[in-house]
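Q: I am new to this one, so please take me slowly through a single part, the place where the two chains meet, and then stay for whatever lies beside it in the chain.

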There are 2 protein chains.
Amino acid sequence: MQIKNMIEEKNLKVTTARKELLEILSSEKKPLSFEDIKDKISMDKATFYRNISKFESESMVNSFESNDKKRYYEIQEFPHAHFICNGCSNIECLENAPLPKLDGYTIMDVIYKGMCKSCNATQ
Amino acid sequence: MQIKNMIEEKNLKVTTARKELLEILSSEKKPLSFEDIKDKISMDKATFYRNISKFESESMVNSFESNDKKRYYEIQEFPHAHFICNGCSNIECLENAPLPKLDGYTIMDVIYKGMCKSCNATQ
DNA sequence: TATGCTAATGCAACTAAGTTGCATTTAAGT
DNA sequence: ACTTAAATGCAACTTAGTTGCATTAGCATA
Ligand SMILES: [Mn+2]
Ligand SMILES: [Mn+2]
Ligand SMILES: [Zn+2]
Ligand SMILES: [Zn+2]
């Protein structure tokens with residue numbers, strides 16, 4: 001099982017909470033907040049946040065703030081931009097939009113906000 | 001005085017709180033949080049947030065979340081991207097970086113995160 | 001300039017995401 | 001199986017932002 005390996009590779013203890021959390025993040029193709037996840041997990045929110053924080057410091061997970069005051073987490077694969085729709089609040093991973101360059105800066109993350117395709121179509 | 005006119009143009013009452021708030025946002029060239037502003041204003045935080053919210057719905061002000069869990073506000077001029085530094089947490093207005101295009105989407109706001117010029121230089 | 005209506009304000013209580021301290025449990029090496 | 005440090009659950013806390021309500025202050029009209 002690759003989830004177990006992911007945890008062992010970082011020299012972290014393989015706990016049920018960690019397996020549960022990575023399982024859910026891996027099975028979704030879009031970023032999730034604690035709110036999105038909380039009914040699917042058995043761990044306490046303190047455990048959720050402590051593990052997410054560890055996963056982030058080990059570069060297994062990355063996250064960003066949306067405009068609903070919540071933080072969204074996803075398994076860190078190759079870097080890509082995200083689109084947050086001001087209409088329907090949906091968050092999309094833009095896997096085909098490479099991160100732009102900006103002279104002198106190192107761009108590590110990009111968030112676009114605006115109207116998504118379906119909100120544009122039905123407007 | 002143009003601050004007074006800005007408020008009257010939107011058919012809002014010209015109150016001292018509103019003048020104070022727009023005065024401070026106008027005098028700064030970068031986005032500010034309530035935390036940044038609170039010692040410079042005399043109004044209550046409820047009044048701050050209610051007015052900021054009205055200014056946003058009237059398109060006088062725009063805002064975005066940073067990664068410190070705070071919302072940053074600025075006078076809405078021409079649209080431009082923002083850069084948030086993961087090193088020093090500074091927020092820059094990228095007035096010369098036009099908003100990119102993305103097929104099918106309407107991009108209204110862009111936030112880049114990473115390392116700023118000075119953090120890159122001293123690293 | 002005084003009067004009256006309504007929107008704006010101050011205050012205090014509340015909400016909710018995320019954090020922290022601490023006692024208990026559990027993974028994993030021996 | 002035994003040991004030990006790391007992980008967990010729980011409850012209390014922190015803090016940005018919100019809300020209800022009584023009071024105040026713009027602004028229109030006379
Ligand atoms: Mn993504
Ligand atoms: Mn700006
Ligand atoms: Zn949408
Ligand atoms: Zn920096």
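**Where chain A meets chain B**

A: Happy to! Across the interface of chain A and chain B, the rule finds 0 salt bridges. Please keep in mind that this is a predicted model. Polar contacts do turn up: 13 residue pairs are counted between chain A and chain B, with both residues at pLDDT 80 or more. On the side of chain A that touches chain B, at least two residues each come from strand S1 (61-65), strand S4 (91-94), strand S5 (106-115) and helix H5 (117-122) of chain A. S5(A) gives the most to that side, with 10 residues. In total, 29 residues of chain A are in contact with 29 residues of chain B. Together the two chains bury about 2,300 Å², and 58% of this is on carbon and sulfur atoms.

Now let's look at chain B itself. Here Cys85(B), Cys88(B), Cys116(B) and Cys119(B) coordinate the zinc ion (ligand 4) through their SG atoms, at 2.2 to 2.4 Å. The angles among these 4 donor atoms run from 104 to 114 degrees, and the site is tetrahedral. Along the chain, the donors follow the spacing C-x2-C-x27-C-x2-C. Two of them, 28 residues apart, link distant parts of the chain: Cys88(B) lies in the loop between strand S3 (81-85) and strand S4 (91-94) of chain B, and Cys116(B) in the loop between strand S5 (106-115) and helix H5 (117-122) of chain B. Cys88(B) is partly exposed, because its relative accessible area is 40%, while Cys116(B) is buried, at 3%.

Definitions and conventions: Residues are numbered from 1 along each chain as its sequence is written. Chains are lettered from A and ligands numbered from 1 in the order in which they are written. This is a predicted model: local features need pLDDT of at least 70, side-chain atom pairs count only at pLDDT 80 or more; totals for chains, interfaces and linings use all residues. Side-chain values use heavy atoms; hydrogens and water are left out. Donors are N, O and S atoms within 2.8 Å of the metal (3.2 Å for Na, K and Ca); water is not among the atoms, so sites may look incomplete. Four donors count as tetrahedral if all angles lie between 85 and 135 degrees; four count as square planar and six as octahedral if opposite donors are over 155 degrees apart and all others between 65 and 115; anything else is irregular. Helices (H or I, at least four residues) and strands (E, at least two) are DSSP runs, numbered from the N terminus. Buried means under 20% relative accessible area, exposed over 50%, partly exposed in between (1.4 Å probe, protein chains only). Contact means heavy atoms within 4.5 Å. Buried area is the accessible area (1.4 Å probe) that two parts lose on being put together, summed over both. A salt bridge is a side-chain nitrogen of Lys or Arg within 4 Å of a carboxyl oxygen of Asp or Glu. A polar contact is a pair of N or O atoms within 3.5 Å; within protein, one must be able to donate a hydrogen and the other to accept it, and residues adjacent in sequence count only if both atoms are side-chain atoms.
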